[in-house]
Amino acid sequence: MDITILGIESSCDDTSAAVIRNRTLLSNVIASQAVHVKYGGVIPELASRAHQQNIIPVVDTALKEAGVTADKIDAIAFTRGPGLLGSLLVGVSFAKGLSIARNIPMVEVNHLQGHILSHFIDLPDRDLPHPDFPFLCLLVSGGHTQIVEVRSPLDMRIIGTTIDDAAGEAFDKCAKVMGLPYPGGPVIDRLAKEGDPRAFAFAKPHVEGEFDYSFSGLKTSFLYTLRDAVKQDADFVEHHKADLCASLQRTIVDILLDKLIRASKQTGIRDIAIAGGVSANSGLRDGIVEAGRRRGWRTFLPEFRFTTDNAAMIAVSGYYRYMDGRISSLDISPVARLSDL
Ligand code: KG4
Ligand code: ZN
């Protein structure tokens, strides 16, 4: 029997709705919020207002593009957290409203598990490569950096995590220091292509946890390098932008790969995936493929449109949960932190 799922994602600053049939994507609509650019970061209050404006047109468009009416939907999958509470509330409340109005069950999805399960989306005209279980996923987003051992779509274990900043935050904060626009990750990625990745050396962390990460020391080291250099040459950043970006990106990728390689050695798992916004980074993508080639890994890189926040990944996660009978109750509320989920 065919199962049709409507997915809704509103955890940060992208409002998205997607429709899948079984695991095949029928539509995936994303409204990105431009309102935050001029502030150099996401303003939570403005994000929730924009979600409120976007959610109905976005869902409507997703249904139309999929050629599906609301009465054909078997379940509504929605992001329960982690994320910005005010943003999550819009998606959760919308899901409840539609659930009550049309008598459709709701299925909650953990946003981070959604990123990981983006590797199981199929397209109508071609199958995408799927990792075999168990696999390791390096999850790198704006708010989280983790190594996850994925045993099944419903059974995941975090074996490493950042003890301070996330990799995406390191990109965004260093970009801000250089006066680059938000979000800084894609801008640094672009500028790095013109620079020398060995031009500057920044501090690499020594973290106790075998598979854990830290990025705050790198951020400080980057800041001090700039501060000292600007004293000698006021236009230092302007003159060395590409080299700074290339060196920063190389350092972040080296840090990420070091612990991932250890985790693969230790667990013996050699199906390796990456997911989350930072998995769009060309340095990381090249680095994973290169490390995999040397180590006999099978590497899995998500299509670019499934790296940053999207509802397709929420719909696929919802599909697995629905098939396992995991229906959420109507009194469910969103949660901001992963530890509360
Ligand atoms: O997964 P995501 O869309 O949102 C969260 O769940 O946080 O990730 C957003 C993060 C931002 O920090 C952004 O700068 C980063 O992903 N990002 C990138 C690239 N594209 C997005 N970082 C480095 N290189 C990129 N090409
Ligand atoms: Zn995300």
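Reader: Let's start with Lys204. What does Lys204 count as in terms of accessibility?
Author: Lys204 counts as partly exposed, at 41% relative accessibility. The label applies because 41% falls between the limits of 20% for buried and 50% for exposed. Keep in mind that this is a predicted model.

Reader: Which residue meets the side chain of Lys204 in a salt bridge?
Author: Asp254 does, with N to O at 3.2 Å. Lys204 sits in the loop between α5 and α6, and Asp254 in helix α7, so the pair ties together parts 50 residues apart in sequence. Asp254 is partly exposed, with a relative accessible area of 25%.

Reader: How many salt bridges does the structure hold?
Author: The structure holds 24. One of them joins the side chains of Glu169 and Lys173, at 3.3 Å from N to O.

Reader: How far apart are Glu169 and Lys173 along helix α4?
Author: They are 4 residues apart, so about one helical turn separates them. Glu169 is partly exposed at 23% relative accessible area. Lys173 is partly exposed too, at 32%.

Reader: Which residues are linked with them in a network of salt bridges?
Author: Asp165 and Lys219 are. Together with Glu169 and Lys173 they form a network of salt bridges.

Reader: Give me another bridge. What does Arg298 pair with?
Author: Arg298 forms a salt bridge with Asp271, and the closest N and O atoms are 2.7 Å apart. This pair links distant parts of the chain: Arg298 is in strand β10 and Asp271 is in strand β9, 27 residues apart.

Reader: Is Asp271 buried or exposed?
Author: Asp271 is buried, with a relative accessible area of 10%. Arg298 is partly exposed, at 40%.

Reader: New topic: the metal. Which residues are the protein donors of the zinc ion (ligand 2)?
Author: His111 and His115, each through NE2, and Asp309 through OD. They lie 2.0 to 2.1 Å from the zinc ion.

Reader: How are those donor residues spaced in sequence?
Author: The pattern is H-x3-H-x193-D. His115 is in helix α3, while Asp309 is in the loop between β10 and α9, 194 residues apart.

Reader: Are His115 and Asp309 buried or exposed?
Author: Both are buried.

Reader: Now the sheet. What is the strand order in the open sheet of 5 strands?
Author: The order is β3-β2-β1-β4-β5, and the pairing is mixed. β3 and β5 are at the edges with a single partner strand each, so one side of each has no neighbour in the sheet. From one strand to the next the twist averages 20°.

Reader: What does mixed pairing rest on?
Author: Strands of a sheet pair through backbone hydrogen bonds, either parallel or antiparallel.

Reader: Which way do β2 and β3 run?
Author: They run antiparallel, joined by 8 bridges. Within this pair, Ala17 has Val29 in β3 as its bridge partner.

Reader: Which strands does helix α2 lie across?
Author: Helix α2 lies across β1, β4 and β5, at about 155° to β4. Helix α9 lies across β1, β2, β3, β4 and β5, at about 130° to β1.

Reader: Zoom in on Thr15. Where does Thr15 lie?
Author: Thr15 lies in strand β2. Thr15 is buried, with a relative accessible area of 0%.

Reader: What does the side chain of Thr15 make a polar contact with?
Author: With the side chain of Asn54, at 3.3 Å. Leaving aside neighbours within four places in sequence, Thr15 is also in contact with others, including Val29, Ile30, Ala50 and Ile55.

Reader: Ile55 came up there. Where does Ile55 lie?
Author: Ile55 lies in helix α1. Ile55 is buried, with a relative accessible area of 5%. Not counting residues up to four places away in sequence, Ile55 touches Ile8, Thr15, Val90, Gly91 and Phe94.

Reader: How far apart are Ile55 and Ser141 in space?
Author: They are 23 Å apart, C-alpha to C-alpha, and 86 residues apart in sequence.

Reader: Last one. Which residues of helix α5 are buried?
Author: Gly184, Gly185, Val187, Ile188, Asp189 and Ala192. What covers them includes α4, α7 and α8.

Definitions and conventions: Residues are numbered from 1 along each chain as its sequence is written. Chains are lettered from A and ligands numbered from 1 in the order in which they are written. This is a predicted model: local features need pLDDT of at least 70, side-chain atom pairs count only at pLDDT 80 or more; totals for chains, interfaces and linings use all residues. Side-chain values use heavy atoms; hydrogens and water are left out. Donors are N, O and S atoms within 2.8 Å of the metal (3.2 Å for Na, K and Ca); water is not among the atoms, so sites may look incomplete. Helices (H or I, at least four residues) and strands (E, at least two) are DSSP runs, numbered from the N terminus. Buried means under 20% relative accessible area, exposed over 50%, partly exposed in between (1.4 Å probe, protein chains only). Contact means heavy atoms within 4.5 Å. Two strands pair if DSSP finds at least two bridges between them. Axes are lines fitted to C-alpha atoms, for helices over the stretch in contact, and angles run from 0 to 180 degrees between N-to-C directions. A polar contact is a pair of N or O atoms within 3.5 Å; within protein, one must be able to donate a hydrogen and the other to accept it, and residues adjacent in sequence count only if both atoms are side-chain atoms. A salt bridge is a side-chain nitrogen of Lys or Arg within 4 Å of a carboxyl oxygen of Asp or Glu.
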